[in-house]
Amino acid sequence: MEANTSLLVCDHKRPHRGDERLFWDETNLQTLLKSCHDKAKQKAEQSSLHTRGVWH
């Protein structure tokens with residue numbers, strides 16, 4: 001558990017992609033260290049854009 005909460009961000013487990021219901025669903029939220037969110041999580045999401053129909 002991180003004592004310095006300024007290092008934490010709220011993250012969506014499943015990308016909401018504009019779906020307000022999924023965006024506000026508390027079961028879809030988790031906290032991550034900002035460094036993990038900005039590196040590993042974003043890299044994983046960006047790498048899947050072509051398979052989700054975002055990039056062709």
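Predicted model: local features only at pLDDT ≥ 70, side-chain atom pairs only at ≥ 80, totals over all residues.
## Around D11

Let's start with D11 and its neighbours. Leaving aside residues up to four places away in sequence, D11 touches N28, L29, Q30, L32, H37 and K41.

D11 sits in strand β1, which covers residues 8–12. With a relative accessible area of 3%, D11 is buried, because anything under 20% gets that label.

## The overall layout

Stepping back, the protein has two helices and two strands. Read from the N terminus, they come in the order β-α-β-α.

The chain has 56 residues, and 14% of them count as buried. Its accessible surface is about 4,700 Å², with 58% of that belonging to carbon and sulfur atoms. If you look at contacts between residues at least 6 apart in sequence, 36% of them join residues at least 24 apart.

## Two salt bridges

Side chains of opposite charge can pair when their charged atoms come close. You'll find two salt bridges in this structure.

One links K34 and D38, with 2.5 Å from N to O. Both residues lie in helix α2 (residues 34–47), and because they are four residues apart, about one helical turn separates them. K34 is partly exposed at 41% relative accessible area, and D38 is partly exposed too, at 39%.

The other pairs D19 with R21, whose closest N and O atoms are 3.9 Å apart. Here D19 is partly exposed, with a relative accessible area of 30%, while R21 counts as exposed at 66%.

Definitions and conventions:
Residues numbered from 1 in each chain as written. Heavy atoms only, no water. Buried < 20%, exposed > 50% of the residue type's maximum accessible area, 1.4 Å probe, protein only. Contact = heavy atoms within 4.5 Å. Areas by Shrake-Rupley, 256 points an atom, 1.4 Å probe, with all protein chains shown as cover. Salt bridge = Lys/Arg side-chain N within 4 Å of Asp/Glu carboxyl O.
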